[in-house]
Amino acid sequence: MDAIDQRLLTQLQQDASLTNQALADTVGLSPSACLKRVKRLWRSGIIERQVVLVNPAAVGLCMHMVVEVTMERDRKDLYARFLKRATAIQEVKQCYQVTGEIDFVLIVEVPDMDAYDRFCDELLYADDNVRKFRTLISRDRKKFDTAIHLLR
């Protein structure tokens with residue numbers, strides 16, 4: 001991946017709806033060269049998917065929580081079981097297996113506390129290997145960015 005690929009990816013992360021012509025103009029390529037590079041980025045797996053980001057507050061998903069989960073037993077099979085269930089639940093937007101005192105960090109979005117209680121019942125209380133969890137409720141999301149910094 002060279003500097004031109006990095007510029008392409010930076011532009012696409014900001015606005016994936018750019019036409020090929022506009023993208024080519026922005027990074028200083030011919031439209032055909034630009035299209036070839038973008039197709040190569042897709043084929044190589046560097047570009048995984050193209051999505052639309054929805055404002056959660058505009059559609060009623062206004063509660064953001066960070067949930068720290070500590071497991072009872074440190075076993076791969078039990079971790080895999082938890083991960084399978086956690087990643088399948090729509091309220092879990094991000095899931096990280098981490099080091100230190102806790103085992104997992106979940107980023108959860110729900111419309112209200114009743115929905116969060118149902119989420120806890122479905123995932124956290126239902127797993128006999130969850131020793132404890134701690135929920136941090138976001139008062140206000142100050143920054144949210146999906147872009148990966150590429151330019152050096």
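Mentor: First a term: helices here are DSSP runs of H or I with at least four residues, and strands are E runs of at least two, both numbered from the N terminus. Keep in mind that this is a predicted model.

Trainee: Fine. How many helices and strands are there in the protein chain?

Mentor: The protein chain has 5 helices and 4 strands. Their order from the N terminus is α-α-α-β-α-β-β-α-β.

Trainee: And what radius of gyration does the protein chain have?

Mentor: The value is 20 Å, whereas a compact globule of 152 residues would be near 15 Å. The C-alpha trace spans about 60 × 35 × 25 Å along its principal axes.

Trainee: What share of the residues is buried?

Mentor: Buried residues are 32% of the 152 in the protein chain.

Trainee: Now Met-65. Where is it found, and is it buried or exposed?

Mentor: Met-65 is in strand 1, which covers residues 63-71. Met-65 counts as buried because its relative accessibility is 0%, and the cut-off for buried is under 20%.

Trainee: Which residues is Met-65 in contact with, leaving aside neighbours within four places in sequence?

Mentor: Among them are Leu-106, Ile-107, Val-108, Met-113 and Tyr-116, and also Thr-135, Leu-136 and Ile-137. Thr-135 is 70 residues from Met-65 along the chain, yet their C-alpha atoms are separated by 6.5 Å.

Trainee: Last topic, charges. How far apart are the mean positions of the positive and negative ones?

Mentor: They are 7 Å apart, for 23 positive and 22 negative charges.

Definitions and conventions. Residues numbered from 1 in each chain as written. Predicted model: local features only at pLDDT ≥ 70, side-chain atom pairs only at ≥ 80, totals over all residues. Heavy atoms only, no water. Rg over C-alpha atoms; globule rule 2.2 N^0.38 Å. Buried < 20%, exposed > 50% of the residue type's maximum accessible area, 1.4 Å probe, protein only. Lys, Arg positive; Asp, Glu negative; His and termini not counted. Charge placed at Lys NZ, Arg CZ, Asp CG, Glu CD. Contact = heavy atoms within 4.5 Å.
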